[in-house]
Amino acid sequence: MADDVAHTIPALDAIIAPYVDKTGGLMCALNALQAELGYIDAAATARLADAFNLTKAEVKGVISFYEDFTTRPRGKHVIRICQAEACQSVGARTLTQHATEKLGIGLGETTKDGRVTLEPVYCLGLCANGPAVMADGKVKAQVTEAAFDKLAGVEGDGA
Ligand code: FES
């Protein structure tokens, strides 16, 4: 999983190599890098661009399009709060504000101890049961502030 150590070019190339010249190879390589390293940094982006004969901007465009890819290490726990309209109409903004205050981070950030990353997501398929949250890959409906605190492991913390 992720650490803050830069990855060597041979290590990056070893992860990418099985997917070069394959249909859909870029997506497979991105998934492999995300799974093995925990994030796809600038060095990995450059190696992907070289390997797939793309520009770095093209690779960055793919990375930024998919929520599962990240360019920075995520925390041990990843909590995503739906920011789409249906959830907004039932309190997602208030829940998000509570979450950011409780954790002391903004959306897209990780707590200093590396325990929780808070991310926005745009629809989890629970539109009639918002606010919806995904915590470590598990989707939760009608998440209250108290339920969020439990998911984030911050119940009882002052805020
Ligand atoms: S709008 Fe939030 S789950 Fe669909």
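This is a predicted model: local features need pLDDT of at least 70, side-chain atom pairs count only at pLDDT 80 or more; totals for chains, interfaces and linings use all residues.

Me: OK, which residues go into domain 1 and domain 2?
Reply: The assignment puts residues 9-65 in domain 1 and residues 77-152 in domain 2.

Me: And how far apart are the C-alpha centres of the two?
Reply: The C-alpha centres of domain 1 and domain 2 are 29 Å apart.

Me: What about overall dimensions along the principal axes?
Reply: The C-alpha trace spans about 50 × 30 × 20 Å along them.

Me: How many helices and strands in the protein?
Reply: There are seven helices and five strands. Reading from the N terminus, the elements go α-α-α-α-β-α-α-β-β-β-β-α.

Me: Let's do helix packing. At what angle do H1 and H3 cross?
Reply: Roughly 50°, and the axes of H1 (residues 9-16) and H3 (residues 42-51) come within 10 Å. That angle is why H1 counts as oblique to H3. The crossing of this pair is right-handed.

Me: Which residues meet there?
Reply: From H1 you have Ile9, Leu12, Asp13 and Ile16, and they meet Ala43, Ala44, Arg47, Leu48 and Ala51 of H3. By type, the H1 and H3 contact has seven nonpolar residues, two charged and no polar ones.

Me: What's in the loop between H3 and H4?
Reply: Asn53 is in that loop. Its phi is near 55°, which is a positive value in a residue other than glycine.

Me: Switching topic to the sheet. What's the strand order?
Reply: S2-S3-S1-S4-S5, in an open sheet of five strands with mixed pairing. The edges are S2 (109-110) and S5 (138-140), each pairing on one side only.

Me: How many bridges join S1 to S3, and how do the two run?
Reply: Six bridges join S1 (residues 77-82) to S3 (residues 116-121), and the two strands run parallel. As for a specific pair, Cys82 stands opposite Val121 in S3.

Me: Which strands does H6 lie across?
Reply: H6 (residues 92-103) lies across S1, S3 and S4 (133-135), and it runs at about 150° to S1.

Me: And H7, what does that touch?
Reply: H7 (residues 145-152) packs on the sheet and touches S1, S3, S4 and S5. The direction of H7 makes about 155° with that of S1.

Me: Last one: is the peptide bond from Gly130 to Pro131 cis or trans?
Reply: The bond from Gly130 to Pro131 is cis, with omega near -10°. Pro131 sits in the loop between S3 and S4.

Methods: Residues are numbered from 1 along each chain as its sequence is written. Side-chain values use heavy atoms; hydrogens and water are left out. Domain bounds come from an automatic or database domain assignment. Axes are lines fitted to C-alpha atoms, for helices over the stretch in contact, and angles run from 0 to 180 degrees between N-to-C directions. Helices (H or I, at least four residues) and strands (E, at least two) are DSSP runs, numbered from the N terminus. Angles under 35 degrees count as roughly parallel, over 145 as roughly antiparallel, 65 to 115 as roughly perpendicular and the rest as oblique. A crossing is left-handed if the near helix is turned anticlockwise from the far one by less than a right angle, and right-handed if clockwise. Contact means heavy atoms within 4.5 Å. Ala, Val, Leu, Ile, Met, Phe, Trp, Tyr, Cys and Pro count as nonpolar, Asp, Glu, Lys and Arg as charged, and the others, Gly among them, as polar. Two strands pair if DSSP finds at least two bridges between them.
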